[in-house]
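Student: I have a model open and want to learn to read its side-chain features. Where do we begin?

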Amino acid sequence: MAEVSFPSTITVSLPDLAKMIDHSLLHPTMTDADVLAGLEISKQYDVATACVKPYHVSLAREQLAGTSVGVCPVIGFPHGNSTTNIKVLEAREAARAGGAEIDMVVNIGKVLSGEWEYVRDEIKAINDAVTAEGAILKVIFENDYLQDEHIVKLCQICSDVGVAFVKTSTGYGFVKQPTGDYNYKGATLPHLALMRKSCSPNVQIKAAGGVRTLDDLLRVRALGVSRVGATATVAILEEAKRRGIGQERVEVQVP
């Protein structure tokens with residue numbers, strides 16, 4: 001992939017960085033106690049949202065009441081294979097239960113098949129359902145499975161439909177490697193730059209999968225990313241504090 005350039009410095013505060021983070025509570029083995037602990041972290045660090053599975057929306061809404069942290073359920077997660085009707089139903093129910101932001105996975109097989117009318121109609125139907133309930137939609141591409149031309153086309157469709165965000169990955173899009181192992185790249189700088197270039201200015205970019213350090217967060221912010229999905233929230237924000245990033249905006253180097 002081509003080299004990506006970005007500004008050598010940016011101006012940020014600790015609240016700016018915290019409000020970039022959707023704290024991810026999505027691993028399939030998480031118990032209710034694990035989720036409650038994650039919601040406490042979300043409150044303590046005043047992140048943008050806590051990203052939860054649909055059955056945890058009510059719990060998250062209850063625990064986050066009175067804070068500025070939103071609830072962000074995932075739909076068709078992580079493989080995007082449900083029918084459009086089921087995705088619409090799931091998204092509408094999640095929004096009505098208190099989901100302020102909905103992260104939905106595209107139908108990856110239809111994308112790879114070039115069935116663009118299906119893909120567009122599905123994204124539009126879900127976006128219409130979500131916005132009718134006062135929520136916003138983030139559309140997950142799962143870039144590890146895609147070529148650049150797929151990413152560009154999805155950005156164009158999402159711009160035309162008017163979704164709020166496009167998002168790189170679920171964090172669970174594992175690809176079989178030559179060794180036989182499964183791994184994923186998640187949010188890469190070249191893909192993020194391509195998404196920012198290919199979307200209308202009104203569509204925001206969310207990086208997910210692989211944003212684990214403060215340096216990662218600073219780099220994607222410098223590229224124009226406004227939100228990240230992260231499990232390493234505490235490590236990222238505590239490192240920011242150690243580097244002197246506080247309540248007031250300061251200029252910091254982008255590594």
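Tutor: Start with salt bridges: a side-chain nitrogen of Lys or Arg within 4 Å of a carboxyl oxygen of Asp or Glu. Here D22, E101, D103, K138, K167, K206 and R227 are linked in a network of them. This is a predicted model: local features need pLDDT of at least 70, side-chain atom pairs count only at pLDDT 80 or more, and totals for chains, interfaces and linings use all residues. Residues are numbered from 1 along each chain as its sequence is written, and side-chain values use heavy atoms, leaving out hydrogens and water.

Student: How many salt bridges does the rule count?

Tutor: Side chains of opposite charge can pair when their charged atoms come close. The count here is 19 salt bridges. Take D22 and R227: their closest N and O atoms are 2.8 Å apart. D22 lies in strand β2 and R227 in strand β11 (residues 227-230), so the pair ties together parts 205 residues apart in sequence. Strands (E, at least two residues) and helices (H or I, at least four) are DSSP runs, numbered from the N terminus.

Student: Is D22 buried or exposed?

Tutor: Buried means under 20% relative accessible area, exposed over 50%, partly exposed in between (1.4 Å probe, protein chains only). D22 is buried at 0%. R227 is also buried, at 9%.

Student: Which residue forms a salt bridge with E239?

Tutor: R242, with the closest N and O atoms 3.0 Å apart. E239 is partly exposed at 22%, while R242 is exposed at 62%.

Student: What about the nonpolar core?

Tutor: In soluble globular proteins, nonpolar side chains tend to be buried together. A nonpolar core is a set of buried Ala, Val, Leu, Ile, Met, Phe, Trp, Tyr and Cys residues joined through side-chain atoms within 4.5 Å. The largest one here has 75 residues, and L17, I123, F141 and V228 have the most contacts inside it. Its largest share, six residues, comes from helix α7 (residues 148-161).

Student: Which residues does F141 touch?

Tutor: Contact means heavy atoms within 4.5 Å. Not counting residues up to four places away in sequence, F141 touches several residues, including V106, I108, L154 and M195.

Student: And a charge over a ring?

Tutor: NZ of Lys or CZ of Arg must be within 6 Å of the ring centre and within 35 degrees of the ring normal. The charged end of K110 sits over the ring of Y118, 4.8 Å from its centre. K138 does likewise over F165, at 5.6 Å.
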